Amino acid sequence: MAVAAEVFTIFYSDDDLSVNDLFLYAMIVPVMPQALVSRAGVAFEDREYWNIVLLISEAVSALTCCPIFGYMLDVSGTRQGPYLSGLVLLFASMLVLTTSHSVTWYIIARVFQGAATAMVSVAGLSIVTDAVDRASLGQMIGYLGTAMTLGFMSGPLLGGLLYQIGGFYAIFGMAFGIVALDFFFRLAVVEKRIAERWLCLTDGERPSQENGYIPEQPPYGALGTILTSGHTATEISKTTFALGKLLKQPRILISLLAVTVGALVVSAFDATLPVFVENTFHWNVLGAGLIFLPGAAAAIFQPFFGFLSDRLGTRKITFASFVILAPSLICLRFVEDNSPFHIGLLCVMLGLVGMCIDLSQPALIVEMQRVLDDMEAEDPGVFGGRGAVAQAFSLENMAHFGGLALGPMLGGFVEVRYGWKSMTLALGVLSAVTAMPMLWLSGPIEEVSTESADEEMAREPLLTN
């Protein structure tokens with residue numbers, strides 16, 4: 001029942017959190033080029049450059065905050081505090097964006113927004129892996145990924161639509177409404193350990209480790225933990241801060257590479273696509289937002305993609321996604337003229353790009369959790385009593401936001417200097433190169449389960465004697 005309560009919370013609060021933060025991140029993508037000119041006084045020919053700077057500012061902020069928040073979540077006793085902190089930062093960023101008329105304050109607002117997004121992303125993934133059975137983790141990550149991707153990719157679409165209908169302030173009016181709704185959902189989050197304690201008290205039982213309740217403990221390094229565990233402060237510190245151990249795992253590094261490249265591709269188009277369709281097809285802000293729809297459409301299939309990753313394994317899914325992604329990106333170089341054929345070609349290719357990225361995301365997140373499980377099986381207690389789930393996903397989010405920071409650099413600056421064709425070719429080649437290391441990731445989970453069962457049967461006679 002506790003797991004069921006937690007899964008309910010995941011669907012109705014954690015998905016909403018992911019949508020909101022990433023939606024608000026991406027909502028102003030098609031709006032900022034014009035806002036920089038009309039509100040901040042940026043020269044028209046410099047608008048793309050400063051738009052790229054804003055995207056990089058938010059990504060670098062999130063990249064910097066991810067390991068800090070991951071460590072805090074692993075050593076703290078709750079996820080709700082970080083959630084509410086992220087909300088405060090999100091509200092501050094929206095307020096600054098609404099009232100500012102200078103580039104400096106726009107950059108500060110994007111920095112606040114990046115920190116808020118990092119906090120929620122790390123905590124949300126940690127809650128999911130705490131509550132969901134490992135055999136179904138990929139499918140659940142798919143549902144969460146659908147929310148995150150829909151927020152990330154529908155933001156430009158709805159932002160451009162609202163700007164066309166109601167102007168600049170209509171966008172941020174909706175943003176403040178989302179933040180208010182977000183507040184109530186964050187208060188509704190009930191963690192697994194809290195739900196189990198409530199259920200034990202309702203049934204008249206005393207909460208204990210035997211009935212599934214994990215008692216609250218002070219953070220590692222605190223005196224109480226040292227006295228009860230018998231470990232030294234140095235041992236506890238080494239156990240708690242797990243980033244170094246995780247970065248020594250080849251499968252972790254390969255997964256981080258794939259996450260980085262996927263985010264890089266998305267953010268490269270965030271920085272260049274609105275200006276490209278404006279120059280090529282003479283579209284306005286509404287058109288610049290609508291062009292993101294083909295890439296966002298595939299997000300509804302992420303639960304199915306997660307199901308496939310549970311059944312087929314990470315290796316096949318990620319290899320296939322990057323192999324298909326490479327020619328899809330390269331074919332974008334053939335979009336040249338303002339004609340129905342070229343508009344259709346752009347939409348089809350962007351749809352394939354979005355599908356490939358959505359296909360790989362659940363599998364890569366599952367791979368991170370499988371590495372943690374394998375490390376725990378090989379060396380029980382390697383991460384201490386609280387584990388290192390949040391730190392592992394802080395690495396995943398660092399890679400994601402690192403890609404978001406690199407995308408405008410590789411995509412935006414290359415497109416400005418060498419043109420659209422060179423940019424899409426570079427992204428295609430990068431995706432093709434990324435496909436090869438995917439062959440070193442794990443296979444279907446059934447293979448791992450069968451091996452574990454055989455080992456357990458082999459040990460059983462020793463245990464009975």
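This is a predicted model: local features need pLDDT of at least 70, side-chain atom pairs count only at pLDDT 80 or more; totals for chains, interfaces and linings use all residues.
1. Pro-303 sits in helix α15, residues 302–312; helices here are DSSP runs of H or I with at least four residues, strands are E runs of at least two, and both are numbered from the N terminus. With a relative accessible area of 12%, Pro-303 is buried. For the cut-offs, buried means under 20% relative accessible area, exposed means over 50%, and partly exposed is in between, using a 1.4 Å probe and protein chains only.

2. Residues are numbered from 1 along each chain as its sequence is written, and side-chain values use heavy atoms, with hydrogens and water left out.

3. Take Leu-54 as its counterpart: 50 residues separate Thr-104 and Leu-54 in sequence, and their C-alpha atoms are 9.7 Å apart in space.

4. Now for helix α12. It has 32 residues and spans 45 Å from first C-alpha to last, close to the 46 Å expected at 1.5 Å a residue; the expected span is 1.5 Å times one less than the number of residues. Of those 32 residues, 26 are buried, so α12 is largely enclosed by the rest of the structure. There is a bend of about 40° at Thr-272, with a proline, Pro-274, following within four residues. The bend at a residue is the angle between axes fitted to the seven residues ending there and the seven starting there.

5. On to charge pairs. Side chains of opposite charge can pair when their charged atoms come close. Searching the whole structure turns up 5 salt bridges, each one being a side-chain nitrogen of Lys or Arg within 4 Å of a carboxyl oxygen of Asp or Glu. One of them joins Glu-278 and Arg-47, whose closest N and O atoms are 3.5 Å apart. Glu-278 is in helix α12 (residues 250–281) and Arg-47 in helix α3 (residues 47–75), so this pair ties together parts that are 231 residues apart in sequence. Glu-278 is partly exposed at 27% relative accessibility, whereas Arg-47 is buried at 8%.

6. Since Arg-251 is in α12 and Asp-374 in helix α17 (residues 340–378), the pair ties together parts that are 123 residues apart in sequence. Arg-251 is partly exposed at 22%, and Asp-374 is partly exposed at 33%.

7. Lys-421 is in helix α19 (residues 420–435) and Glu-336 in the loop between α16 (314–330) and α17, so to speak distant parts of the chain, 85 residues apart. Both ends are partly exposed: Lys-421 at 36% relative accessibility and Glu-336 at 43%.

8. Last, the helix packing. Two packed helices are described by the angle between their axes and the distance between the axes. Axes are lines fitted to C-alpha atoms, for helices over the stretch in contact, and angles run from 0 to 180 degrees between N-to-C directions. The α12 and α17 axes are 9 Å apart at an angle of about 160°, which makes α12 roughly antiparallel to α17. Angles over 145 degrees count as roughly antiparallel, under 35 as roughly parallel, 65 to 115 as roughly perpendicular and the rest as oblique.
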